[in-house]
Amino acid sequence: MRRLKRILHVAGNDLRIMVGDKVFFFWTLAFPVLFIVLFGLVFRAGDNAPPVAELTVVNLDQGRWGSYFIEKIKAPGLAVTATDKEPAEYSRLLVLPADFSAKIEARRDQALAFKKRSGASTKAAARVETRLYQAIARVLSELVLYGEGDLTKFLDGHPEFRDIVRVESRFPAKTITVVPSGYDHTIPGTTIQFIMMMVIIYGGITVMEDRKKGVLGRMLFSPLSTGDVFQAKLLGRWSMGLLQALMLFAVGKAFFKLDLGSVPLALLVIAVFALAMAALSVFIGSLCTKEDMIIGLAVLLANIFAGLGGCWWPNEIVPPAVRKAAMISPAYWAMDALHKLRFFQGGWGDVLPHLGILLALAIVLAAVAAKSFRVRD
Amino acid sequence: MRRLRLVLANDVRRHLKAPLAILIYMAVPLFMTGLIGVIFGPRTEGRELPSIPVLVVDNDKGLASKLLVGAFDADQLKKMFRVTVTDEADGNRRMAGGKASAMVVIPRSFTLDLLEAKPVTLLVVKNPAEQFLPDVVEEFMNTLAVMLSGVVQAFAEEVKGVRAMLDLKVDGFPWEALGPQFGKAQKKVVAASKYLNPLLIRFKTEETKAAGAGASFTRADLFSIILPGMAVMFLLFIVQTLMRDIISEREDGKLRRMMTTPLRPIELIGARIFGGWVMGIAVLLVMVAAGTLVFRVHWGPFGYFLVLGAVASFWTAAFFALLHALVRNRNQAGALSAPIILAFSLFGGSMMNPEAMPKAMLAVGVLTPNRWFIDGAALVREGRFPLASLVVLFASGLVLLALAVPALRRRTSV
């Protein structure tokens, strides 16, 4: 019991020193929040998810079919602008030629120029193309229904297209009912990334400095053994990661309406992940002799793990080979578990494999860190 | 001058003896560029997205549902979707585990309802953790629904006739009555074929460029856009590491010992700033070489880029010289440098595409070296001389230097 008290005392003291550092809150809170806000904004308003896809239609048609076709194109989520000459600026442009009506009335096929500006949203372009094909299908159905009659009189009266087959979409039962906000994606990703970065940097550098300055050596004059010092250091770094996650989640809840699903399970996932990172930080701090090397390694590892693990972008758009490679990243397991909790409203059983893998990683890293832990250079 | 050269040569030798930290800093931008390029670069197979896993639950198992499932088998769609036909229980289980982007559920009596031209609803269950792929499936199903609606509507009379006959026994089936129905249907098929083959209205899609834009976009182009941003971010990290000698030598007493030699403070300051500048250029050149060899990055006229890199490196050395003249100790320097670099990189466009940034963020970005370097590198890529970037970086670098030198002289005096 006394031994545990001493370990907790050293760990608590480490945490107190780290929290007392003026820049601690910049790194653990201010900077990640800046990241969350900016990436949340970009994610919401960026290329990948335009709320309305724009289409400019240059209607040069000299008959009535041009306007009729434009009406058929109009659909929710699509902003159609009709004009009579090609503008200099556009994202997507459809040209209805002067003989558009004449060709339809003569039942002659035609190819309409559909121009996509390179660099414009590919998702919006796909949405527009889909709606264009739907408009064509509607018009052709009406033409078939109209039969062999005179098409110049079609617009004076014709059978209207009816949507007999409809599509309804929903999320799986017992999951979410509202589409998650951009922040629901960016807050967990940023939290995971910054736990990796800060625990390794702060944790690693302080272990190295304490060793170099002889602080660790002097601790052995107290009733602490080397094993106790190691455990205390591990615990200190773990509590730092946990504290950072708590702060970011609290800010997310207060300002961005963050929903984590099951909060206790989400914190458990973060706790096990932070333990693995704490062990990694002690290991790196024990190996390295220069601060710059620790910072460089932390930036390198955090970026590799975050990039592969789905902290920066949704894993669904990643090529299959990269998705497989992502499984080497602890961030992948943490992010996947948080997704299961948030988006699938998952429970204990859903994240158990993730917790098992992260815990196994934490144990392996802790064992390696314990073996390489030195109190003196 | 000779002493300055000696200090400089000694510094370079010292850093080359333990280059691991610098090498790690150089590896990070190359790795990040590679990863972003692999994920977001144009794919060789010409598709923007990976194959989409879709589950199809056919509760109808009729003619129409089979046609619908078969639609996924068309040549182009085969590459786009990876379809697994399953039952509802298994489909729900897989969706709950996030194993597919979407599940399409075809309702019971789908075929019969279509034959009677009754409204039917196809259900698309979307993976809640995914943001893009489920929408692609939904849009595709919407298109299929429109096409099916069109077919059902066009052949409503004929299919109603067929539907009525389906309820009869085979021996009581009035086969002869099918004749007129088939006759009508044939006429419509012939009429429809006029519109469908070739398609009466189709598209000729072309990708256009805004005025001044380059040729077609390749993965190497993407690397060429990303790497300069990453390179300048890690140039800042590397040069601040090198410039930290200014403080560490004061802290560990080396400076005091050096000042007992004939070395003058201005020579030491000159060597440190010049060293940071030269090492910065060297680091940039290594990244240029690696970028060219590994990612086939196109930098534009090398001379222009070299001038831009030299000026950016000069700015960086002058900036960190001033910063290290103002801070009290190494810890303070470390605590301030990294947040400043990250803020520069975030607002300056090293971490995200400036085009995607909010306007306020873009305005702040103008105050960062990253932004000017990235803009300059973009101009060089187009073969243009980056005059504005050079003037801004060089002029502000001179101001920083003018402030740094007297401040450092005060800190160097023992």
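Leu268(B) touches Val7(B), Met258(B), Leu263(B) and Thr412(B), leaving out residues up to four places away in sequence. Contact here means that C-beta atoms, placed from the backbone, lie within 7 Å. Leu268(B) sits in helix H13 (residues 265–295) of chain B. Helices (H or I, at least four residues) and strands (E, at least two) are DSSP runs, numbered from the N terminus. Leu268(B) counts as buried because it has 23 C-beta neighbours inside 10 Å. The cut-offs are 20 or more other C-beta atoms within 10 Å for buried, 12 or fewer for exposed, and partly exposed in between, with C-beta atoms placed from the backbone. Leu268(B) and Asn142(B) are 126 residues apart in sequence and 72 Å apart in space, C-alpha to C-alpha.

## Model and confidence

This is a predicted model: local features need pLDDT of at least 70, side-chain atom pairs count only at pLDDT 80 or more, and totals for chains, interfaces and linings use all residues. Residues are numbered from 1 along each chain as its sequence is written, while chains are lettered from A and ligands numbered from 1 in the order in which they are written.

The pLDDT is the predictor's confidence in each residue, from 0 to 100. Chain A averages 87, and 97% of the residues score at least 70. Over residues 45–49 of chain A the pLDDT is below 50; this stretch has eight contacts in the model beyond near neighbours in sequence.

## Domains

Domain bounds come from an automatic or database domain assignment. Chain A is split into domain 1 (2–45 + 179–372) and domain 2 (53–156). Their C-alpha centres lie 53 Å apart. Chain B is split into domain 1 (2–41 + 219–412) and domain 2 (52–196). For this chain B pair, the C-alpha centres lie 61 Å apart.

## The interface

In all, 80 residues of chain B are in contact with 77 residues of chain A. On the chain B side, the elements that give two or more residues include helix H2 (20–40), helix H5 (88–96), strand E4 (120–126) and helix H9 (178–196). H7(B) provides the largest share, 16 residues. By type, the chain B side divides into 54 nonpolar, 14 polar and 12 charged residues. Nonpolar covers Ala, Val, Leu, Ile, Met, Phe, Trp, Tyr, Cys and Pro; charged covers Asp, Glu, Lys and Arg; the others, Gly among them, are polar.

Strand pairing also crosses between the chains. Strand E4 (residues 110–117) of chain A pairs with E5(B) in the parallel sense over eight bridges. Two strands pair if DSSP finds at least two bridges between them. Lys116(A) has Glu207(B) as its bridge partner in E5(B).

## A covered strand

Strand E1 (residues 52–58) of chain B is mostly covered, with six of its seven residues buried. E1(B) pairs with strand E2 (residues 81–86) of chain B in the parallel sense over six bridges. Five bridges join E1(B) to strand E3 (residues 102–106) of chain B, and these two also run parallel. Val56(B) has partners in both: Val85(B) in E2(B), and Val104(B) in E3(B).

## Nonpolar cores

A nonpolar core is a set of buried Ala, Val, Leu, Ile, Met, Phe, Trp, Tyr and Cys residues joined through C-beta atoms within 7 Å. The largest has 156 residues; Met196(A), Ile200(A), Phe273(A), Ala274(A) and Ala279(A) touch the most other members. Helix H10 (residues 219–243) of chain B gives the most to this core, with 17 residues. Beyond four places in sequence, the contacts of Met196(A) include Met277(A), Leu301(A), Phe305(A) and Ala331(A). A second, separate core of 67 residues includes Val136(B), Met141(B), Met147(B) and Phe155(B).

## Loop residues

Lys257(A) is not a glycine, yet has a positive phi of about 50°. Lys257(A) lies in the loop between helix H8 (226–256) and helix H9 (263–287) of chain A. With 10 C-beta neighbours inside 10 Å, Lys257(A) counts as exposed. Gln345(A), also a residue other than glycine, has a positive phi near 50°. Gln345(A) is in the loop between helix H12 (330–343) and helix H13 (348–372) of chain A. Gln345(A) is partly exposed, because 19 other C-beta atoms lie within 10 Å.

In chain B, Glu176(B) lies in the loop between helix H8 (156–166) and H9. Glu176(B) has 7 other C-beta atoms within 10 Å, so Glu176(B) is exposed. Glu176(B) and Leu235(B) are 59 residues apart in sequence and 85 Å apart in space, C-alpha to C-alpha.

How values were computed. Two residues are in contact if their C-beta atoms, placed from the backbone, lie within 7 Å.
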